[in-house]
Amino acid sequence: MDLVIRNAKVVSKEVTEVLDVGVRNGKVVKIGKIDGMASKEIDASGKFLLPGVIDVHTHIEQLSGDNLTCDDFSDATYAAAVGGTTSILTFVIQQKGKSPLESVSEKMVSAKEKMYIDYGFHIAFTDVNERTIAEIPELVNMGIKSIKVFMAFENSNLMVSDYDLIKLMEESRKYGALVGVHAENEDICVNATENLKEEGFTTLEHYYKSRPEIAELEATNRAITFAEDIDCPVYIFHLTSSKALSKIEEAQQRGVDVIAETCPHYLLLDKEEFESDDAYLKVMSPPLREKKDQDALWKAIKAGAIKIISTDHCPYTPEQKAVGKNNFATIAPGIPGIQTLLPLIYSKGVASGKISINKMVEVLSYNPAQIFNLNNKGEVKVGYDADFVIFNPDTKQVIDKDYLKMKSGYSPFAGLELKGKVETTVLRGKIIYDQGKFVGQKGKGIYINRK
């Protein structure tokens, strides 16, 4: 065998067992007691062996208005690997004047030689017409089986009308593509923002009022209504609100296929962050909510109503963010997070008793692989890709400049002490990060064709 990891606490979504895991040619070939030697052996006694994390919500090399995210594919996937993430899905946003296929082709060329880990794409439609809808079958054939729609941001040329969202759902249903939404009511957000500006309330402590909870509630309910009528699944990106969550739970109980995702910042931070000196570094859309919303989201993860935790990694430098420091309407909305997903959810979810380690594996690895057709990933299982994380639960680390490898150079969780640490990251049987040393190779990440 090429690699044997011995005496590890192997974690699945159901159980945790002390086992050996053997790897050959990038695949898991044996789980259990393994006799004989391998080319490389690791004793993981007392440590968890987790399936590699799959982050399905990232924005890399993305231009939004005048703002270009600060990292490229190599920067982002380097940091991801340090944090235990072995696969990502990232967005291609259709640029005005270009077809979805043209936009995808450009992104694929840029990504191919830069990726340290495995990757796939979502396509975000911004211009829906007969010509662009006709490209859905070819996109699906390329393995791009997820389509995002923005229900807001008309001024940024991202928003799609309700009628066009319905058309996309109808067409996607024919080909097995999953439509997901950024669920905020544009009219409510625009008018709330204008009212605050007229009253002179443009500083960051007022930001959360510009995109109020009712905007998310209404848009989530509207997307569910369309999906239920068309009889197709719908994916709700970055859920923040307990009220919107209640609409999702009600629909799920009726049998509607509504899949909900949330993010670490909505689980661990609240709107009081907008009163801090570095509030400009914590502005994202939708905004942070209240502590009651955090509690509801954690309970929904435990109960299974929320299926995935991902990062919504959308990084800008502090200098880029500071442009809107005194006016929330001009700030670039987005925060970095691609490195800290697993460490945060283990420390503040598992170690604090909110969820089990098995539930963590389910929402960070198993469910992402199942929902987004990432074949042979998301589990430590014979025949699957040998994507692993060796995680030491008995060490601590602080999120500081020495730890952070994200090009943004900061984290909204800066200074936080975390329980547990990623010691080793393995991608298809090859060690790419080990004991603080990065040994991966740029361009070795492969495109995942999600057929």
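Q: What share of the contacts in the protein with a separation of 6 or more comes from residues 24 or more positions apart?
A: In this predicted model, residues 24 or more positions apart account for 76% of those contacts. A pair counts as a contact when heavy atoms lie within 4.5 Å.

Q: What makes α9 roughly parallel to α11?
A: Two packed helices are described by the angle between their axes and the distance between the axes. Helix α9 (residues 242–254) packs against helix α11 (residues 291–303) at an angle of about 30°, and the axes are 9 Å apart. Angles under 35 degrees count as roughly parallel, and therefore α9 is roughly parallel to α11.

Q: Which residues in α9 and α11 meet?
A: From α9 come Ser242, Leu245 and Glu249, and from α11 come Lys292, Asp293, Ala296, Leu297 and Ala300. By class, the residues of this contact divide into four nonpolar, one polar and three charged.

Q: How do you know that Cys189 is in no disulfide?
A: A disulfide is a covalent bond between the sulfur atoms of two cysteines. The pair must lie within 2.5 Å to be counted. For Cys189 the nearest cysteine sulfur is that of Cys314, 17 Å away, and Cys189 is therefore in no disulfide. For Cys263 the nearest cysteine sulfur is also that of Cys314, at 11 Å, and Cys263 is likewise in no disulfide. The structure as a whole holds zero disulfides.

Q: Why does Cys189 count as buried?
A: Buried means under 20% relative accessible area. Cys189 has 2% relative accessibility, so it counts as buried. With 0% relative accessibility, Cys263 also counts as buried.

Q: Why does Ser408 count as buried?
A: Ser408 has its place in the loop between β16 (388–398) and β17 (417–427). Its relative accessibility is 4%, and it therefore counts as buried. Leaving aside neighbours within four places in sequence, Ser408 is in contact with Cys70, Pro315, Tyr316, Thr317, Pro318 and Pro336.

Q: What is the omega of the cis peptide bond that joins Ser285 and Pro286?
A: The omega of this cis bond is about 0°. Pro286 is placed in the loop between α10 (264–268) and α11.

Q: Why does Asn7 count as partly exposed?
A: Buried means under 20% relative accessible area, exposed means over 50%, and partly exposed is in between. Asn7 has 34% relative accessibility, so it counts as partly exposed. This residue lies in strand β1 (residues 3–11). Asn7 has a positive phi of about 60°, although it is not a glycine.

Q: What makes Asn25 exposed?
A: The relative accessible area of Asn25 is 67%, and the residue is therefore exposed, the cut-off being over 50%. Asn25 has its place in the loop between β2 (16–24) and β3 (27–32). It has a positive phi of about 55° although it is not a glycine.

Definitions and conventions: Residues numbered from 1 in each chain as written. Predicted model: local features only at pLDDT ≥ 70, side-chain atom pairs only at ≥ 80, totals over all residues. Heavy atoms only, no water. Axes fitted to C-alpha atoms, helices over the stretch in contact; angles between N-to-C directions. Helix = DSSP H or I, 4+ residues; strand = E, 2+ residues; numbered from the N terminus. Parallel < 35°, antiparallel > 145°, perpendicular 65-115°, else oblique. Nonpolar A, V, L, I, M, F, W, Y, C, P; charged D, E, K, R; others polar. Buried < 20%, exposed > 50% of the residue type's maximum accessible area, 1.4 Å probe, protein only.
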